[in-house]
Amino acid sequence: MHVIVCTLTEGAISSNDDVDPAEGGAVSTPQTLGLERELVPGWSTGTITLGCDYNPEQWDEQTWVDDVQLMRELGVDLVAINIFGWAHVQPTPGEYDFSRLDRIIELLHDAGIKINLGTGTSSPPPWVARVHPETLPQAADGSIAWPGGRQAWCPSSPVFRDLALSLVRAMAERYGSHPALAVWHVSNELGCHNALCYCDVSASAFRDWLRARYGSLDVLNAAWGTAFWSQKYGHWDDVLPPRTTRSAGNPAQLLDFRRFSSDALLDYYRAEAQVLRELSAAPVTTNFMVTAHIQTQDYWSWAPHVDLIANDHYLDHRLADPLAELAFSADLTRGLASGAPWMLMETSTSAVSWQPVNHAKRDGELQRTVLGHVARGADSICFFQWRASRSGAEKFHSALLPHGGTSTEGWRSSVELSAVLDRLSGVVGTRVDSRVAMVFSWEAWWAAEGDSQPSSLMRYLPEAHRYHRALRALGVTVDLVAPGADLSAYDLVLVPTLYTLNDAAVSVIAEAAGRGATVLVTPFSGIVDEHDSIRPGALPGAFSELLGVVIDEFRPLAADDAVTLASGGTGSIWTDALRTLPASSTSSADIVDTFVDGPSHGRPALTRRSVGDGSAWYVATVLDDDSVQSLLRRLCVEARVQVTEVGPDIDLTRRTSAEAAYTFVINHRAEPVVVPVGGYDLVSGETVRADEPVAAGAVRVIVERSDHGD
Ligand code: GAL
């Protein structure tokens, strides 16, 4: 049985009574995570927490009893309930009925299982739309999102908020001090379906947000550049969300609407959290969606408001390299947690049911993907969901307990996974080592992919993924950091397509180079200010001086075009007509590579400028994957960052504490690989030599400098 230790320094929950540190129980030192509350390191557990969503509303009570018994057998520590419970606990407007929720909570509590308690507000019951149709969200073209799915509510609706907060209050009053309560789970995946609402209520909230940001219409008009295209506003009521137009919209309006929409849901989250904190001392969080297909929340601004960073991640087979995206998402989630351990609040044991083709996980893939998250900082692994649904939209989604029950392959994989997690108790609380930072920005993602850009082929996330993927293949772990974050711990700093950033963030990047770091900037970075207005002076405005280059013109490529570089590498999508500043200038760069054909032939393709004790590199095209890798190899040598050439489909990371170091090697390939790490392997329970190949599909977690931690 996994044992949860969850201790708030404020002392409300202390459920670590049955933990024996000699058996791997975490000896916790309270620390500040830069969050509103202090916690013991992350979500502190004696072992890696195993958890799941449970939707018992679908089952009869005898099934609950059987389920809880099986949960104990599997070693489930933490169960998320009431995530979609609203229709059950408030079946009609004037009536709360907690009887079934009471019983399931008691059953779990009696079994020693902790609760991740949903406030239940994610999806309102059908009566909410009938009685309060004004709470339904509207798309940009004015169409209404009707009930019948989930999350059919407008984030800015005061009516919805009142209804939801009444429920939250009732929940907190009833369960806020329950000894089984480990963490509050506000709503669910806020913004998954309803992040952008264009209704009149949202329009009015958007205007309030703009008033607070700009103070006056004059300032707003200047920020949005409304002097162009006759868009100048003379009355606040004329300002609208960026509803469907016949032409391109105003990019600054679009960007602010993105900001507003992220803030509106954050404000909603905070309203729920405030009620919970008034009435309960349990930590409060919500599940983020740090993933390639959701971009609506700026989680850098959300992170300080949760007591524990929790993320939902599912392999996305619509992408070219789903495993590389998993690694990216896990690194970014760790960035949101400021390096502290975090919780994988949802993932799947096998197939999901919302992609065009829902791939089952192959042999061992469950273990490899889960340990991929642990390798990058997760200390808790939870699944959607416990028991596969027989009805409804997710009946083909995998679960810890598949339709066929305990005689299935799926159940056996769940049991094996639980046993492996048990062996990794020592990993809990350790931190991932990295000397490389990548600056990541949701704002740059929104703005770079707006209307009317030089090329719609220039996409933000693929460029960040490309560099991250190449470093993963070089066995180098990357920390994802916010623009403006402290870079002093890093020797190599990557700045992919940071189209918009503010002056403070520019200075931090320049200072990193001056202090000795190697900095690499990739195309379409530093172009505009925070209002999506071109920065004054030579392009790229934010970085021209640091990089010692000027872009005379963007010269993007057609979808099937490529350009050749003197080094033999190729570029696609983008070229800059780049030149270096004259050698006499104080800020001049060396030309490292040149375009030999294409619209920018003869112009520099790669430059390097020495800056203080470090350097600033610029690449003026979207390099092919091999060229990205050779460039990064070179930069790692310059920055004295260790490279281990593991190639694609291998994860190699290290988690350390003062007492121990754990090296994770995950071989996602169908053939054995040699990764030069030997020692005691917690997964197999054997000592392995560094030159012994890691078997096809195998995972090793090598522990050093301590006993075996088990
Ligand atoms: C998440 C959601 C869960 C479930 C899961 C399926 O987006 O929070 O409720 O729908 O996806 O993969």
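**Close-up views and the whole chain**

**View 1. Val168 and its contacts.** Apart from neighbours within four places in sequence, Val168 is in contact with Thr119, Thr121, Glu272, Val275 and Leu276; contact here means heavy atoms within 4.5 Å. Please keep in mind that this is a predicted model, where local features need pLDDT of at least 70 and side-chain atom pairs count only at pLDDT 80 or more, while totals for chains, interfaces and linings use all residues. Residues are numbered from 1 along each chain as its sequence is written, and side-chain values use heavy atoms, with hydrogens and water left out. Val168 sits in helix H5, residues 158–175. Helices (H or I, at least four residues) and strands (E, at least two) are DSSP runs, numbered from the N terminus. Val168 counts as buried because its relative accessibility is 0%; the classes are buried under 20% relative accessible area, exposed over 50% and partly exposed in between, with a 1.4 Å probe and protein chains only. Thr119 is 49 residues from Val168 in sequence, and their C-alpha atoms are 5.7 Å apart.

**View 2. Asp681, a buried residue without a salt bridge.** You will find Asp681 in strand S24, residues 679–681. Asp681 is buried, and the nearest side chain of opposite charge, that of Arg700, is 4.8 Å away. Lys and Arg count as positive, Asp and Glu as negative, and His and the chain ends are not counted. A salt bridge needs a side-chain nitrogen of Lys or Arg within 4 Å of a carboxyl oxygen of Asp or Glu, and Asp681 has none. The Asp681 side chain does make a polar contact with the side chain of Ser684, at 2.7 Å. Such a contact is a pair of N or O atoms within 3.5 Å; within protein, one must be able to donate a hydrogen and the other to accept it, and residues adjacent in sequence count only if both atoms are side-chain atoms. Beyond four places in sequence, the residues in contact with Asp681 are Glu686, Val688, Val699, Arg700, Val701 and Ile702.

**View 3. Ala566 in a loop.** Ala566 lies between strand S16 (562–564) and strand S17 (570–580). Its relative accessible area is 53%, so Ala566 is exposed. Not counting residues up to four places away in sequence, Ala566 touches Asp593, Thr594 and Val596.

**View 4. The chain around these sites.** The chain has 17 helices and 26 strands, and buried residues make up 59% of its 710 residues. Its C-alpha trace spans about 80 × 70 × 45 Å along the principal axes.
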